[in-house]
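Q: I'm new to this one, so could we go through it together step by step? I'd like to begin with how charged side chains pair up.
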Amino acid sequence: MSKPLQTPACSHQELRKTSYLTRKIRFKKQPTSAIIFAFEDSVYAYINHCVHMHRPLNCEQDAIFDESGLYLRCSMHGFIFDPKTGACQSPLCFGQRLQSLCLEEIDGTLYFAGKHLTLID
Ligand code: FES
């Protein structure tokens with residue numbers, strides 16, 4: 001029995017060529033965007049809204065990582081996040097998490113696996 005059709009996010013090959021990708025999505029009926037990136041041999045996706053003021057992490061710079069490459073960094077005020085958990089490491093919002101999105105890989109393509117999510121063309 002085949003699995004129900006899922007929402008494609010990107011190919012693994014596409015992700016290898018860049019430090020991150022964004023996708024316009026509708027999540028829980030709201031238009032927003034997702035960030036997708038590889039970190040330490042795993043892939044992660046989050047809703048692209050900082051926990052501080054709900055700006056996209058890449059709102060001021062075309063980057064989502066800090067200079068060390070070890071933390072996600074919001075370019076608005078510089079808050080940093082653990083890429084594996086989305087937990088904020090900066091004092092004002094310490095422990096608050098970016099909304100994670102589940103990814104599944106099938107034959108080199110990554111799919112958003114959760115419900116309540118569709119791509120916006
Ligand atoms: S909006 Fe992201 S750190 Fe302030």
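A: Happy to, starting with a working definition: a salt bridge here is a side-chain nitrogen of Lys or Arg within 4 Å of a carboxyl oxygen of Asp or Glu. Please keep in mind throughout that this is a predicted model.

Q: Okay, how many salt bridges does a search of the whole structure find?
A: The search, run over the whole structure, finds two salt bridges.

Q: Which residue does Arg23 pair with?
A: Arg23 forms a salt bridge with Glu14, and the closest N and O atoms of that pair are 3.0 Å apart. Glu14 itself counts as partly exposed, because its relative accessibility is 34%.

Q: And what about Glu40, which residue forms a salt bridge with it?
A: The partner of Glu40 is Lys84, with the closest N and O atoms 2.8 Å apart. Glu40 sits in the loop between strand E3 (30-39) and strand E4 (42-47), while Lys84 sits in the loop between strand E6 (80-81) and strand E7 (100-101), so this pair ties together parts that are 44 residues apart in sequence.

Q: Is Glu40 buried or exposed?
A: Glu40 counts as exposed, at 52% relative accessibility, whereas Lys84, at 44%, counts as partly exposed.

Q: Switching topic: where is Ser33 found?
A: Ser33 is found in strand E3, and Ser33 is buried, with a relative accessible area of 17%. Leaving aside neighbours within four places in sequence, Ser33 is in contact with Arg23, Lys24, Ile25, Tyr46, Ile47 and Asn48.

Q: Now the nonpolar side: which residues touch the most other members of the largest nonpolar core?
A: That core has 18 residues, and those touching the most other members are Phe37, Leu57, Ile64, Leu72 and Phe81. The elements that give two or more residues to this core are E3 and E4, and E3 gives the most, with three residues.

Q: What does Leu72 touch?
A: Not counting residues up to four places away in sequence, Leu72 touches Phe37, Tyr46, Leu57, Ile64, Phe65, Phe79, Ile80, Phe81, Pro83 and Leu98. Apart from this core lies another, of 15 residues, among them Phe27, Ala34, Leu101 and Leu110.

Q: Last one: which residues does the UniProt annotation "domain: Rieske" cover?
A: According to the unreviewed UniProt entry, that annotation covers residues 7-112. In the model, the end C-alpha atoms of residues 7-112 lie 5 Å apart, and the span is 5% helix and 40% strand.

Terms used:
Residues numbered from 1 in each chain as written. Predicted model: local features only at pLDDT ≥ 70, side-chain atom pairs only at ≥ 80, totals over all residues. Heavy atoms only, no water. Buried < 20%, exposed > 50% of the residue type's maximum accessible area, 1.4 Å probe, protein only. Helix = DSSP H or I, 4+ residues; strand = E, 2+ residues; numbered from the N terminus. Contact = heavy atoms within 4.5 Å. UniProt positions renumbered as here; feature names shortened; annotations may be inferred. Core = buried A, V, L, I, M, F, W, Y, C linked by side-chain atoms within 4.5 Å.
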